[in-house]
Amino acid sequence: MTLILNILWFIFGGGLIAWLLWILTGGLLFITVVGIPFAWAAFRIAGFAAFPFGKDLVDARDVGEARVVGTGLANFLWIILAGIWLAISHILAGASLCLTIIGIPFGFAHFRLALVCFAPLGKRVVYH
């Protein structure tokens, strides 16, 4: 079921567009030295945005990794500069998809992406 949902999401639910935009964002962030940590987070989110079903993005401390110093400050800057706008776009896309019964699972996937937009640094993908 997860495979079918991921394929339908990628084609019809916005997964292809979300993946492309996150890849583009990561590529642009790699141009500057300061943006490199944000670029890695954007690439991690791109993989999650392409196929979100059967995966979760969790805090790195939950999987036994140490937290990098400055992650909280970097996430705060991310929220101010980009996170709030990305979250709003995913919330609007999710709300519009939830207007139809078929689109509800895809709308919930956009809501999960909106949560990730607030603090992408220090997250890891886990499969369930």
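Asn75 is located in helix α4, where helices (H or I, at least four residues) and strands (E, at least two) are DSSP runs numbered from the N terminus. The model is predicted, so local features need pLDDT of at least 70 and side-chain atom pairs count only at pLDDT 80 or more, whereas totals for chains, interfaces and linings use all residues. Residues are numbered from 1 along each chain as its sequence is written, and side-chain values use heavy atoms, with hydrogens and water left out.

- With a relative accessible area of 7%, Asn75 is buried; the term means under 20% relative accessible area, with exposed being over 50% and partly exposed in between (1.4 Å probe, protein chains only).
- Apart from neighbours within four places in sequence, Asn75 is in contact with Arg67, Phe118, Ala119, Pro120 and Leu121, contact meaning heavy atoms within 4.5 Å.
- Asn75 and Phe48 are separated by 27 residues in sequence and by 18 Å in space, C-alpha to C-alpha.

**Helix α3**

- Helix α3 covers residues 36-50, 15 residues in number, and its first and last C-alpha atoms are 21 Å apart.
- That span is close to the 21 Å expected at 1.5 Å a residue, the expected value being 1.5 Å times one less than the number of residues.
- Phe38, Ala39, Ala41, Ala42, Ile45, Ala46, Phe48, Ala49 and Ala50 are the buried residues of α3.
- An α-helix has 3.6 residues a turn, so residues three or four places apart point the same way.
- The partners against which the buried residues of α3 pack are the helices α1 (2-13), α2 (15-29), α4 (71-97) and α5 (104-118), together with strand β1 (55-59).

**Aromatic pairs**

- The count of aromatic pairs is ten; rings of Phe, Tyr and Trp (its six-membered ring) pair if their centres lie within 6.5 Å, and planes under 30 degrees apart count as stacked, over 60 as edge-to-face and the rest as tilted.
- One of these is the edge-to-face pair of Trp9 and Phe53, with 6.4 Å centre to centre and 80° between the planes.
- This pair links distant parts of the chain, since Trp9 belongs to helix α1 and Phe53 to the loop between α3 and β1, 44 residues apart.
- Both Trp9 and Phe53 are buried.
- Phe30 and Trp40 also form an edge-to-face pair, at 5.2 Å centre to centre and 85° between the planes.
- Here, too, distant parts of the chain are linked: Phe30 is in the loop between α2 and α3, and Trp40 is in helix α3, ten residues apart.
- Phe30 is partly exposed, at a relative accessible area of 31%.
- Ring pairs join Trp9, Phe53 and Phe106 into a cluster.

**Salt bridges**

- Side chains of opposite charge can pair when their charged atoms come close.
- The model has two salt bridges, each defined as a side-chain nitrogen of Lys or Arg within 4 Å of a carboxyl oxygen of Asp or Glu.
- Arg112 and Asp56 form a salt bridge through their side chains, at 3.2 Å from N to O.
- This bridge links distant parts of the chain, Arg112 in helix α5 and Asp56 in strand β1, which are 56 residues apart.
- Arg112 is partly exposed, with a relative accessible area of 25%, and Asp56 is partly exposed at 29%.
- Arg61 and Asp59 form a salt bridge in which the closest N and O atoms are 3.0 Å apart.

**Surface features**

- Met1, Leu3, Ile4, Ile7, Leu8, Ile11 and Phe12 make a nonpolar surface patch of about 800 Å².
- Patches are made of residues with over 30% relative accessible area and no salt bridge, like charges being joined within 9 Å and nonpolar side chains (Val, Leu, Ile, Met, Phe, Trp, Tyr) within 5 Å; accessible areas come from the Shrake-Rupley method with a 1.4 Å probe, and for residues only the protein chains shown count as cover.
- Leu3, in helix α1, is exposed, with a relative accessible area of 62%.
- Val33, in the loop between α2 and α3, is exposed at 72% relative accessibility.
- Val33 and Gly94 are 61 residues apart along the chain, and their C-alpha atoms are separated by 33 Å.
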